[in-house]
Amino acid sequence: MIDAPPIAGPATESPLFASALSVDQNGNLYIVDAPNSSVSPDYLVKVTPGGGLSVLAGNGQSGEPVAGSALASPLGAGSISPDQVTVDGHGNVYMAQPNPSSNAEPNLSGYIVRVTPAGQLSVLASNATAQKATGMGDHGTPSQLNPSGLAMNPAGLMYVADTAGYLYRVGCG
């Protein structure tokens, strides 16, 4: 049952395999649902304080995210799933997926995406657009974006920890 997609409705009746969690200022819980399978797609779901579950992103296909409708975009690819999630004061949800460490998936990259309350997904940073991540200090821009942590401050700046030990600041406004 864990490999089944999430079901909108009461959260207690939906199969979920959480790989990341975040809570907003209203008590809504955001979950990256990453089924326990290397071929199952990932989803972003929201659980309200009353227990209602809705699917915010993911189309049932594995692959790199595509800007546009969040429900039309794939999330996660192969054996890699988004493993970080945070939410800002406007209800935008941000997810990060690490860069694959194996040569078995050479076409995949690490990325950071935003899902708006209106259901639009945008790719904020990826290996192809890593210059958007502003390095703190003199470390420059990573050649392989490999996020390992996300945090959002009240001013709308996101801080991204990288597995190489760097900290980046990304303007999300």
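1. Secondary structure first: the protein has zero helices and 14 strands, so the pattern along the sequence is simply β-β-β-β-β-β-β-β-β-β-β-β-β-β. Here helices (H or I, at least four residues) and strands (E, at least two) are DSSP runs, numbered from the N terminus.

2. Bear in mind that this is a predicted model, in which local features need pLDDT of at least 70 and side-chain atom pairs count only at pLDDT 80 or more, while totals for chains, interfaces and linings use all residues. Residues are numbered from 1 along each chain as its sequence is written, and side-chain values use heavy atoms, with hydrogens and water left out.

3. On overall numbers, 44% of the 173 residues are buried (under 20% relative accessible area; exposed is over 50%, partly exposed in between; 1.4 Å probe, protein chains only). The accessible surface is about 8,100 Å², with 53% of that belonging to carbon and sulfur atoms (Shrake-Rupley method, 1.4 Å probe; for residues, only the protein chains shown count as cover). Of the contacts (heavy atoms within 4.5 Å) with a separation of 6 or more, 38% are between residues 24 or more positions apart.

4. Now the sheet. Five strands form an open one in the order β6-β10-β9-β8-β7, with antiparallel pairing; two strands pair if DSSP finds at least two bridges between them. Its edge strands, β6 (68-69) and β7 (84-87), each pair on one side only. Inside the order, β8 (residues 93-97) and β9 (residues 111-115) are joined by five bridges in the antiparallel sense, and Y94 stands opposite R114 in β9.

5. The largest nonpolar core has 15 residues, and L44, V85, M95 and V115 touch the most other members. A nonpolar core means a set of buried Ala, Val, Leu, Ile, Met, Phe, Trp, Tyr and Cys residues joined through side-chain atoms within 4.5 Å. Two or more residues come from each of β3 (29-33), β7, β8 and β9, and β9 gives the most, with three. Apart from this core lies another, of 11 residues, including L150, M152, M158 and V170.

6. Leaving aside neighbours within four places in sequence, V85 is in contact with A20, L21, S22, Y30, V32, L44, V93, Y94, M95 and L150. T86 is found in strand β7 and counts as buried because its relative accessibility is 9%.
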